[in-house]
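Here is a two-chain model to walk through together. Have the viewer open and turn the structure as you read.

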Amino acid sequence: MKKLLAIEFAKLKKLNALRVILLVYIGLSPLVVYALYSFFDTFMGPMLKIAGIGEWNPFAFPDVWAFVTYSSSFFNVLMGVIVVIVMTNEYNYKTLKQNVIDGMSLKQVILGKFFVVFFLSTIVTLYTFIMGLVYGLLNSESADVWNGISNIPVYYLQTLCYFSFAFFFATLVKRTALSIIFFILSFIVETIIGGILAISKLEMIYAFFPLNSFSKLTPFPILKEMVKAAQERSGNVPFMLDNWVNILVCIFYMVLFFLISLWVIKRRDL
Amino acid sequence: MSKVLTTQHLRKEYKDTVALEDLSISVEEGQIFGLLGPNGSGKTTTLGILLGVIKPKQGTFSWFGNGQKDENRKNIGALLETPNFYPYLNAVDNLKIVAKIKDVPNSEEAIERVLRRVNLWERKMSKFKTFSLGMKQRLALASSMLADPDVLVLDEPTNGLDPQGIAEMRSLIMDIAKEGKTIIIASHLLDEIEKMCTHVAIMKYGELLQVGTLEEIMTQDRMLMIQADDLAKVKEVINSTDYISIIDEPVGELLIAVDEKYTNADINKVFADKGIYLSGLKTHRKNLESTFLEIVK
C-alpha cells in the first residue's frame, strides 16, 4: 500500500492540471460558500419566516456543517475532472500499459487510482471541515462544534462517490476531453430523466439513480423543514429515501463503479 | 541452460483477423532471440501477450518456469512499440517511478548508472516531452536496464531513429548482449538481427514459419543469382519445378533458391534442356535478408 501511494504521489506531484484545479478550488470554494450565504441571508431569510420555519443562520453552529457541505458539493464536479485527467493521462501517455509491463498487476493499477480518489476526497473534506470550523467559530455565540459534525463524514462519502463515478467514466472512455464531456453530460441527462420520471409520478425510481443519490447525501440544509412545511400546506410530499438507505445506495454505487472499472481494465487489452 | 520462456499454442484474434496462430516457442538463458516478420505478422502481439498487456484467446506461456505471475515482469526489461513515460516529468522522476514498481534497491545509484550508460546523464533533469525520439528510445532502454533484469524484450528499438541513432542503439544492445543477458528482439532491420542474434523465429500472418539457430535457418537452401535474355521463359521453367523457387527479382536477373542436392551444373542443365541458355549463374552469398525473403515469400 505504501509503495502504491508513493508511486501515485510521484506521478501527481508535478502534474500542472492538478495544481491549477486544486488552487482554483482552494481559492474559490470559500468565496462561493460566502456568496451563497449572502444570497440566503438576503433572500431566503424573509421567505423562511413567511413559511413559518423561523430564524436560520447557515454560518452558525450547528447549521454551518450542513451548509458548507451542501455548498462545497458543487465543487465535486470540478474535482471529479482531476480524477478523469489523472486516469485518462495514463491511457494517453500509454503509461498504464508501461506500468503493467514493468511489473504492476491490474489490481495494483486500480488500487493505486483508488488511493488517488481517497487522497483527493480527504483533501477536499479536510478543507471543507476547516472552512466550516472557521465560519462557525466566527459566526456562533456558542462553540458547539460537534453538533451536526456528522455532515462531514457523509460529505466524505459523497466525494468518494462522485470521484469513483468520474474514475468509472475515465476508465470506460479513455479520452480526456470525451470523458469530461460525458461526465458532465451525465449530470444533465440524469436530471432530465428525473424530471420525466417526476412528471410520470415515478420519483421513487429516480431516488435510486446514482447522481441523485449522491447529491441527496448533502441536501439543501433546511430541505426537511421546507418539505414539512409544504406537506402541512398541500399534503403532497416528494418521495425521499431515508438517510441510511440513501447512504447504503451510495456505497453500493461506489463499489459497483470500482468493480466495473476493474472488470473493464482486466477484460480489454492495454 | 535453463529455459527463460516457453509458450504453448498461443492464439490471438481481433474480430475476424487471426493475429497469432498456435505459437509455441522456447527461449533459453543467454540466447539472443530475434523475432522477424513483415508488418502484421504478429511480432508485437506476441510480445504484448508475453508482457501481460494483451490477453491471448488460447494458449499459455511461462517466464522462468514460473508461469504468468506479474512478479516475473520485474525481472524483465521491456520496450514495447514506443517509449512510454510521463511527459511532464524529467528523466530521473520517470525512472524513480519505474524503480519503485520494480523494487530496485539503491534506486538513486541505479538511475545514475543507466542514465550514464545511455548518455542521458547530462539531460537527467530535462522533461521527457523535450526529448528527441532518439533520446526517448535511449531513456526507454535505460528504464529497461534499471532493475538489472535477466531478460530484455525489445520491440523495434531502432524505430524512427536516424542512422547515427541506429548505430548508437545497436552498439548499446550489443554491449548488453555481451553481458550474457537473454534478449528477445523484434526488428525489421535484418542486418542488425543477423549481427546480433543467436536464434531466430520467422513469422508471417500470425504463424510461425521457421524457428532455430541462425545457422539452421540460413543453411536450408542454396541461393543462386541467374541472368538470361528472356527472364519470362526462365520463370516458366522455375514454376514448373518443385526444387527451384524465386526469392527476389532485381532488374535483369533473378535470385533463386535451390535444393541443397543440386549443383550449379545441374541447374544450368535444367534450363539448357528447355532451350534457355543462362548468361550468368553464380552462387549468392546467403544473408538473413535473402533467407527471410525466401521463407516469407
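**A sheet in chain B, and what surrounds it**

Helices and strands here are DSSP runs numbered from the N terminus (H or I of at least four residues for helices, E of at least two for strands), and two strands count as paired if DSSP finds at least two bridges between them. One bridge to look for puts B:Ile244 together with its partner B:Val258 in β13(B). The two strands form a hairpin with five residues between them, and in that hairpin B:Gly252 takes a positive phi near 80°.

Before going further, a word on what you are looking at. This is a predicted model, where local features need pLDDT of at least 70 and side-chain atom pairs count only at pLDDT 80 or more, while totals for chains, interfaces and linings use all residues. Residues are numbered from 1 along each chain as its sequence is written, and chains are lettered from A and ligands numbered from 1 in the order in which they are written.

Back to β13(B), which also pairs with β11(B), in the antiparallel sense and over five bridges. Here B:Met223 has B:Ala257 of β13(B) as its bridge partner. Is β13(B) mostly covered or mostly open? It is mostly covered, with four of its five residues buried; buried means 20 or more other C-beta atoms within 10 Å of the residue's own, exposed means 12 or fewer, and partly exposed is in between, with C-beta atoms placed from the backbone.

Now step across to β14(B): strand β11 (residues 222–227) of chain B is joined to β14(B) by four bridges, and these two run antiparallel. B:Ile226 sits opposite B:Leu281 of β14(B). Put together, the four strands make an open sheet in the order β12-β13-β11-β14 (chain B), with antiparallel pairing. The edges are β12 (244–248) and β14 (280–283) of chain B; each has a single partner strand, so one side of each is left without a neighbour in the sheet. From one strand to the next, the twist averages 30°.

Two helices pack on this sheet. Helix α9 (residues 264–273) of chain B touches β11, β13 (254–258) and β14 of chain B, and its direction makes about 150° with that of β14(B). Helix α10 (residues 288–296) of chain B touches β11, β12 and β13 of chain B, and its direction makes about 120° with that of β12(B). Axes are lines fitted to C-alpha atoms, for helices over the stretch in contact, and angles run from 0 to 180 degrees between N-to-C directions. Touching means contact: two C-beta atoms, placed from the backbone, within 7 Å.

Zoom out to the whole of chain B, and you'll find 10 helices and 14 strands. The C-alpha trace spans about 75 × 40 × 40 Å along its principal axes, and buried residues make up 42% of the 297 residues. Of the contacts in chain B between residues at least 6 apart in sequence, 69% join residues at least 24 apart.

Where does chain B meet chain A? The contact takes 25 residues from chain B and 22 from chain A. Helix α2 (residues 91–101) of chain B gives the largest share of chain B's side, six residues. That side has 13 nonpolar, three polar and nine charged residues (Ala, Val, Leu, Ile, Met, Phe, Trp, Tyr, Cys and Pro count as nonpolar, Asp, Glu, Lys and Arg as charged, and the others, Gly among them, as polar).

Over in chain A, look for helix α6 (residues 106–139) and helix α12 (residues 243–267), whose axes come within 10 Å and cross at roughly 145°. Among the residues making this contact are A:Phe114 of α6(A) and A:Phe258 of α12(A). The contact's residues divide into seven nonpolar, one polar and one charged.

How far can you trust all this? The model scores ipTM 0.86 and pTM 0.84. Chain B averages a pLDDT of 89, pLDDT being the predictor's confidence in each residue, from 0 to 100. Among the elements of chain B, α2(B) has the highest mean pLDDT (97) and α10(B) the lowest (76). Chain A also averages 89, with 90% of the residues scoring at least 70; its confidence is lowest in helix α11 (residues 223–234), at a mean of 66. Where pLDDT is low, the predicted coordinates should not be read in detail.
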